[in-house]
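Good morning, colleagues. Please turn to the structure on the screen, and I shall then take you through its main features.

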Amino acid sequence: MSTTNDNKIPAGQHSPREDWMEYLYDETSEENRSRLSEHLKTCAECREKMAGWSQVGRSLDTWRLPQARGAGFWPQPLFKWGLAALLAAGFAFWAGRFSAPDWICRPFAPRFKKR
Ligand SMILES: [Zn+2]
C-alpha cells in the first residue's frame, strides 16, 4: 500500500498553478489534496500565493454588478421611439388637415358647417 509520501512534492519544487486552482475550488482528488496540503505546511512561497488567490476569489464573490439604468417596466428605447412616433403622427395629421384641397373635405363639410 502506497502512502502520500510517495507523491510528495520534492523540496524546492512547487506544483503548477492549475493544481492550486483545483485545490482552491475543491476540484482535486483526495490524493492531490493531501499532497498539496502537506506542501503548504512547509512552503511559505506557495502559502503566500494561495492566500492571495483565495482573497481574490472572496472579493470576486462579493462583487455585484451595478443595476442597469432604464431597465424598468418601460425600456428607454421603447419610450423614445413611441414619443417620436407620436410626434410624427401628430405633425402628419396637422400638415394633412391644413394642406388638403377643398374637394377632399367636401363630403364631410355639411356635417360640420351649414352653408
Ligand atoms: Zn511551494
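Of the contacts in the protein with a separation of 6 or more, what percentage is accounted for by residues 24 or more positions apart? Such residues account for 62% of them, where two residues are in contact if their C-beta atoms, placed from the backbone, lie within 7 Å.

Two remarks on conventions are needed. Residues are numbered from 1 along each chain, in the order in which its sequence is written. The model is a predicted one, in which local features need pLDDT of at least 70 and side-chain atom pairs count only at pLDDT 80 or more, whereas totals for chains, interfaces and linings use all residues.

Let me begin with confidence. The pLDDT, which is the predictor's confidence in each residue on a scale from 0 to 100, averages 82 for the protein. A score of at least 70 is reached by 79% of the residues. Over residues 1-5 the pLDDT stays under 50, and for this stretch the model has three contacts beyond four places in sequence.

I turn now to the overall architecture. The protein has six helices and zero strands, and its pattern along the sequence reads α-α-α-α-α-α. Here helices (H or I, at least four residues) and strands (E, at least two) are DSSP runs, numbered from the N terminus. Of the 115 residues, 4% count as buried. A residue is buried if 20 or more other C-beta atoms lie within 10 Å of its own, exposed if 12 or fewer, and partly exposed in between, with C-beta atoms placed from the backbone.

Let us look at helix H2, residues 30-42. Its 13 residues should span 18 Å at 1.5 Å a residue, and the end C-alpha atoms are 19 Å apart, which agrees. The expected span is 1.5 Å times one less than the number of residues in the helix.

Which residues of H2 are buried? They are Arg 35, Leu 36 and His 39. These residues lie on the same side of H2, because they cover an arc of only 95° around the axis; the arc is that of the directions from the helix axis to the C-beta atoms. What covers the buried residues of H2 includes H1 and H3. On the other side of H2, Glu 30, Ser 37 and Lys 41 are exposed.

Helix H3 (residues 44-62) has 19 residues and reaches 27 Å from its first C-alpha to its last, close to the 27 Å expected. Helix H4 (residues 76-99) has 24 residues and reaches 35 Å, close to an expected 34 Å.

Pro 10 is in the segment before H1 and is exposed, with 7 other C-beta atoms within 10 Å. Its C-alpha atom is separated by 9.0 Å from that of His 39, 29 residues apart along the chain. Thr 42, in helix H2, is exposed, with 11 other C-beta atoms within 10 Å. Thr 42 and Ala 11 are 31 residues apart in sequence and 9.0 Å apart in space, C-alpha to C-alpha. Arg 17, found in helix H1, is exposed with 10 other C-beta atoms within 10 Å. Arg 17 and Cys 46 are 29 residues apart in sequence, and their C-alpha atoms are 9.6 Å apart.

Finally, where does Asp 26 lie? Asp 26 is in the loop between helix H1 (17-24) and helix H2 (30-42). Although Asp 26 is not a glycine, it has a positive phi of about 60°. Asp 26 counts as exposed because it has 7 C-beta neighbours inside 10 Å.
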